[in-house]
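Dear colleague,

I am passing on the structure we spoke about, and my notes on it follow below. Please read them with the model open beside you.

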Amino acid sequence: MSRIGKVPISLPDGVTLTVDKNVVNVKGPKGELSQQIAPDITCKIEDSVVTIERPTDQKRHKALHGLYRSLVNNMVKGVSQGYKKDMELVGVGYKATVQNNVLELNLGYSHSIYFAVPDSIKATAVTEKGKNPIVTLEGIDKQLVGQTAAKIKSLRKVEPYKGKGIRLVGEQIRRKAGKTAAK
């Protein structure tokens, strides 16, 4: 992890980073994020380059060094560019609509599923004729976008025989042959 920690973080235009005691605040055109870091790890800002430093070469300090460097880098990227996840609903009759930040999903169950999307994430659903519905999640917090996508995927996991379910766009699914292929 120490190799990741040594890499400096360059701040793009319009992004400011401040450190108050153990809290790193990052402001950018898309929003503001903050992260508390361990008291042993220090964050230094010179010109528009941020470096994360550790006091010793202990295993714990090396791990924290890489961790906090990655977290701060994700925050900088999030407030400048943002994060986006596209999910595809594969199955006959699967539908998705978004109203007031509530995602309504029809996934082949006898009832509709209503999923409340967190306020800091913007969800959109697009359905084109002849194609699978696509749900897009956009936000500045990488962890929150990924976790929300994982929760939505868990509502209907992809099954290996027909490939039906919710998957990320471009995700490869390992398919299994049915009974007849065994002979």
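Pro 118 is placed in the loop that runs between strand E10 (113-116) and strand E11 (122-126). Please keep in mind throughout that this is a predicted model. With a relative accessibility of 25%, Pro 118 counts as partly exposed, because that class lies between the limits of 20% and 50%. Once residues up to four places away in sequence are set aside, Pro 118 touches Asn 101, Leu 144 and Thr 148. Pro 118 and Ile 9 are separated by 109 residues in sequence, and their C-alpha atoms lie 28 Å apart in space.

Ile 9 itself belongs to strand E1 (residues 9-10), and its relative accessible area is 1%, so it is classed as buried, for which the value must be under 20%. Apart from neighbours within four places in sequence, the residues in contact with Ile 9 are Ser 48, Val 49, Val 50, Arg 69, Val 72, Asn 73 and Val 76. Between Ile 9 and Tyr 109 there are 100 residues of separation in sequence and 47 Å in space, taken from C-alpha to C-alpha.

Gly 31 is part of strand E4 and, at 22% relative accessibility, counts as partly exposed. When neighbours within four places in sequence are left out, Gly 31 is in contact with Val 26, Val 79 and Ile 140. Thr 148, which was named above as a residue that Pro 118 touches, is 117 residues from Gly 31 along the chain, and the two C-alpha atoms are separated by 19 Å.

**The largest pocket**

The largest pocket has a volume of about 160 Å³. Two or more lining residues come from each of strand E4 (31-36), helix H2 (59-80) and helix H3 (142-154). The lining is made up of Leu 33, Ser 34, Gln 35, Leu 71, Asn 74, Met 75, Ile 140, Asp 141, Lys 142 and Gln 143, and by class these residues divide into 4 nonpolar, 4 polar and 2 charged. Ile 140, one of the lining residues, is also among the contacts of Gly 31.

Lys 142, another residue of this lining, is located in helix H3 and is partly exposed, with a relative accessible area of 44%. Leaving out neighbours within four places in sequence, Lys 142 is in contact with Asn 74 and Tyr 83, and Asn 74 is likewise named in the lining of the pocket. Lys 142 and Tyr 109 stand 33 residues apart in sequence, with 30 Å between their C-alpha atoms.

**Aromatic rings**

How many aromatic pairs does a search of the whole structure find? The search finds 0.

**Two residues with positive phi**

Lys 21, which is not a glycine, has a positive phi near 55° and lies in the loop between strand E2 (16-20) and strand E3 (23-28). The relative accessible area of Lys 21 is 82%, so this residue is classed as exposed, a class that begins over 50%.

Asp 47, again a residue other than glycine, also has a positive phi near 55°, and its place is in the loop between strand E5 (42-46) and strand E6 (49-53). Asp 47 is exposed as well, with a relative accessible area of 83%.

With kind regards

Terms used: Residues are numbered from 1 along each chain as its sequence is written. This is a predicted model: local features need pLDDT of at least 70, side-chain atom pairs count only at pLDDT 80 or more; totals for chains, interfaces and linings use all residues. Side-chain values use heavy atoms; hydrogens and water are left out. Helices (H or I, at least four residues) and strands (E, at least two) are DSSP runs, numbered from the N terminus. Buried means under 20% relative accessible area, exposed over 50%, partly exposed in between (1.4 Å probe, protein chains only). Contact means heavy atoms within 4.5 Å. Rings of Phe, Tyr and Trp (its six-membered ring) pair if their centres lie within 6.5 Å; planes under 30 degrees apart count as stacked, over 60 as edge-to-face and the rest as tilted. On a 1 Å grid over the protein atoms alone, a cavity is a set of points where a 1.4 Å probe fits but cannot get out, and a pocket is an open set with protein on both sides within 12 Å along at least five of seven lines; lining residues have an atom within 4 Å of a point. Grid points are joined across faces, edges and corners, and a volume is the space filled by probe spheres set on the points. Ala, Val, Leu, Ile, Met, Phe, Trp, Tyr, Cys and Pro count as nonpolar, Asp, Glu, Lys and Arg as charged, and the others, Gly among them, as polar.
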